[in-house]
Amino acid sequence: MEINYQIAHERIDIARQKRASHLNLSGLGLTSLDVDISDMTYLDSLDLSFNKLSELPDSVTKLYNLITLNVSYNYLQDLIFDEYKVYAINEIDISNNHFFNIPQSLLRFEDSTWEPKSISIYFYNNPFLDLIPTEIANHYSLSYCQFYIDSLDIESEPNRLFETKLLIVGKGNVGKTTLVKTLKQTDYKFKLGAEEATDGINIDCLNLGIYFPATKPYYSKLTDFNDLYLLNEDKIVNTTNGIYPQEDSYYYPESEIEYETNDYYYDDYDGDYRNYLKLVNAPYHEVEEYLVKKEIKVNLWDFGGQEILYSTHQFFLTQRSLYLFVWEPRTDNEEESFEYWLTIIQRLSNNCPVIIVMNKADIRIKNIDENNYKKLFKNIVGFIHVSCFTKEGIDDLKALIKLQISQLPHLGDTLPSTWENIRANLNSLNEDFISYDEFKKICNFSEVEKISHMSGYLNDLGDIIHFKDDIILRNLVIINPHWLTKAIYKLIHSLKVQRNNGILDANDLEEYLDSNAYPKEKHFEILSLMEKFEICFKIIGSGNMYVIPTLLQAQSPIKDIHEQFISPEALNYQIQYNFLPSGLIERLICRINNYIENNIFWKYGAIFNTETGRAFVELNKIRKIITVRVIGEVKSYLYSIISHELKQIHSDLKLQMEDYAELYACNCMECTTSDQPHMFDKNVLTKYIRKSRNFIDCQNSIESVNIEELMIGYKSSIPTKTSLLRDIISAASQLQTRIDLLKNFNENQINTYYQDLLRTLIIPKRMFLNEQSLKGKSESGKSQGELDIAIESKNGNTISLFEGFILTNLNKTKISRHIQKSILNYDTNGLKEKFVGIYARADDFDSLSQRYSQYITNEGATHFNFNETVDITKVYSSGSEIKVLRSSYFRSETKLYLFHLLINLNL
């Protein structure tokens, strides 16, 4: 790479002249930075990627206002920042460098006591990652990686993790559960028709003796010295299903084995170091010729095959596992089932190996196009015919399972003994769940961060389910995942819930769940976990009503409602899927349920709204098309929210470009009034624009259409300064689910709890809370004191204010005091939006909210100079237990808003 100092100088000079916020010095081959840029304090971002820097230029470390720094693809081995300075930086990319150790400066940036409050550090492809298991590295936390390294450093001979997952999937009634039992016990005898269908997911384990190459990480000269084997190739049987070594193909050599004193030698041919072993009185042999037998714990996950469960299965299909896809040779067409399962495994597991098992081979054999399936799905490693009745093919299947497990990359990962002890202690408990305090005692770490990392690792292994950062769920540590999945499927399979079209009253959970296994105090956590998995959502402002979208009625509750959205001005957007994962539309409804209009939703769609727009969204499952139509004064904002969330779901499901196509409706005269306009592929339109072709012909009207005009409505993105109102309301709705907990809370305690609920909603949007209420007394005892919540940007700038107080009756003095605090005392800069939360504890909520509204509308105009107060409840709350008012007023000729949320806490 040519060194281009002259280009670097020119770019720096231009940035200085313009006082630019960004400086791009990428790809110039720089070995150093010979210009002092420490005076360029106006820089927000600096790109030094794709150079030859061996150390970070000193002047760069003086740029304390930098927000983004990219030094990827260099030769850096350390980064040293000023230890006593506070940096504004919140994103650093150090990927593809020569970091053999984690830079300590970056660990300080990750410390929560530093500003900013959140930082993203990208560190792909650095040497220190060679030591770290994928599950840990994938968390993108340097402190997590350092914790793992430190835990290993204190041990002379750490443990190695020989454990994996075998996931068994397929349609219902194909014999998956019987196959699992037969794999565990070859002589297992079953009665035809006597096996119960799997209700969700059954979790079991199987111990297998598996042979690995006698190399690291599988072989240790300290523990495996006398446990080496050789493979007798003469005994390998070539079966119709492939060549798989059976157990008797391995033998223990008679000669004594010993290590050479020099454990390694350098192989000039391969350019690598190799182990050497030798047999006494025998020639040398490379270590790869020997095998070591390891006991592998195989965790068996047997998935129920009912289609209604498919959308929940996707949350448990994991990477670094082996899959069995089981089918039986029925007379129906198996292609649809094959496509779904093989594609979802390929996407969600990152191409984990899959064995296709044709069960019930004693009844019927059906040949399939194995070669074409292998071409389409490269992760298929074998096709096996088995019969659990005659045991045909079971030995071959076991042999193939063992062979594939021996090739999985994660087996033998180093595990600190302290971590293994924690796992063992958890596994020894005869409990389904424990509290977070109990979990902390088992971990026995003094630092909260280490406990958090331990929770994350055990989550990744599937040992526990714990959402440590969620105020609602952080005290629940599930150590038996089957406990949770069984509860979820009990609710989904409940005949009462199904007859009620998926509408569920949280107070009725005692009817569906065994009180011994699922005590009442855990019901709320179970529903919250289902919300996390996007299986259900709570109706905003309803108190305790939840919806399971997959159980909703298939048709819209309002006949021909789509006709309301056929308009020349409508945005008409479609996604045509080549592969449609189950549950996609249900997840969208759960994600943006706080935009649902007046409870208009059904299994395959919903109506969403804002104050300035309405959207019709529906899935045609047969055609595999999602249609989005948006009407109103400001269509682009609501369209952007919906399309953004769909893209996020696509990303979560690992969908690829070939899995779907985005389509825009033609805007010619004929198409704008048609319910079946011609749809242009977005990629085709983009190609036209790149070729400087501005027009394209409509296939319906044959009119020439201006591409720029057609696409203009679809180019908007979600504004960065979006209103907080929906998050404020969502947190209030969650607050209502904890009525029993809040019953004896004072005002300060409610505010504190509300802050935690709100924090989980706004942190993903890079906003933070300044919790002033923790510093003073509650309203009942404090002076004219502190504001309850200040909402700030990542740079510490105040975005909005929230003041919360309890109201049992129309206490005008109390109301006035809090409103004055919100709009005058603490809003010195004239913030666009502010909020007051009224925690209503009146006997008659409707009466109190009506009188409050009248007071704010009439007397508020005089007392607070409100220009107008509007009831906007219908737009934001589907239930009747939250009321939303918006008052407008002027300051320095600028229009500002105060939102009033009346939240019924006396349900």
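Is F338 buried or exposed? F338 is buried, because its relative accessibility is 0%.

1. Overall make-up. The model is a predicted one. The chain contains 27 helices and 41 strands. Of its 907 residues, 54% are buried. When contacts between residues at least 6 apart in sequence are considered, 65% of them join residues at least 24 apart.

2. Aromatic pairs. The count of aromatic pairs comes to 35. One of them is formed by Y148 and W419: the ring centres are 5.6 Å apart and the planes stand at 70°, so the pair is edge-to-face. Y148 belongs to helix α4 (residues 142–153) and W419 to helix α10 (residues 417–428), so this pair ties together parts that are 271 residues apart in sequence. Y148 counts as buried at 1% relative accessibility, and W419 is buried with a relative accessible area of 0%.

3. The pair at F338. The ring centres of F338 and Y373 lie 5.0 Å apart, with the planes at 45°, so this pair is classed as tilted. F338 is in helix α7 (residues 335–348) and Y373 is in helix α8 (residues 370–376), so the parts tied together here are 35 residues apart in sequence. Y373 is buried as well, with a relative accessible area of 11%; the value for F338 is 0%.

4. Aromatic cluster and a charge over a ring. Y148 and W419 belong to one aromatic cluster, which is formed by F147, Y148, W419, F445 and Y457. Elsewhere in the list of ring interactions, K165 lies over the face of W301, at 4.4 Å from the ring centre.

5. Nonpolar cores. The largest nonpolar core has 151 residues, and the members that touch the most others are F608, I642 and Y754. With neighbours within four places in sequence left aside, I642 is in contact with L588, I592, F608, A615, V617 and V628. Another core, of 66 residues, lies apart from the largest one and has L129, L142, L426 and I451 among its members.

6. Helix α5. This helix (residues 176–184) is mostly covered, with seven of its nine residues buried. The buried residues are K176, T177, T178, L179, V180, T182 and L183. What do the buried residues of α5 pack against? Their partners are the strands β7 (163–169), β8 (201–213), β16 (291–303), β17 (322–327) and β18 (354–358), together with helix α9 (394–405). K176 deserves a look in the viewer, as a lysine listed among the buried residues.

7. T61 in its loop. T61 is placed in the loop between β2 (45–47) and β3 (68–70). A polar atom of the T61 side chain lies 2.6 Å from the backbone oxygen of D58. Leaving out residues up to four places away in sequence, T61 touches L56, I80 and Y87.

8. Strand β23 is joined to β25 (residues 545–547) by three bridges, and the two run antiparallel. Within this pairing, I503 stands opposite V547 in β25.

9. Positive phi values. N125 is found in the loop between β5 (120–122) and α3 (134–137), and it counts as exposed at 54% relative accessibility. N350 also has a positive phi, near 60°, and is a residue other than glycine. The loop that holds N350 runs between α7 and β18. With a relative accessible area of 53%, N350 is exposed.

Key
Residues are numbered from 1 along each chain as its sequence is written. This is a predicted model: local features need pLDDT of at least 70, side-chain atom pairs count only at pLDDT 80 or more; totals for chains, interfaces and linings use all residues. Side-chain values use heavy atoms; hydrogens and water are left out. Rings of Phe, Tyr and Trp (its six-membered ring) pair if their centres lie within 6.5 Å; planes under 30 degrees apart count as stacked, over 60 as edge-to-face and the rest as tilted. Helices (H or I, at least four residues) and strands (E, at least two) are DSSP runs, numbered from the N terminus. Buried means under 20% relative accessible area, exposed over 50%, partly exposed in between (1.4 Å probe, protein chains only). A charge sits over a ring if NZ of Lys or CZ of Arg is within 6 Å of the ring centre and within 35 degrees of the ring normal. A nonpolar core is a set of buried Ala, Val, Leu, Ile, Met, Phe, Trp, Tyr and Cys residues joined through side-chain atoms within 4.5 Å. Contact means heavy atoms within 4.5 Å. A polar contact is a pair of N or O atoms within 3.5 Å; within protein, one must be able to donate a hydrogen and the other to accept it, and residues adjacent in sequence count only if both atoms are side-chain atoms. Two strands pair if DSSP finds at least two bridges between them.
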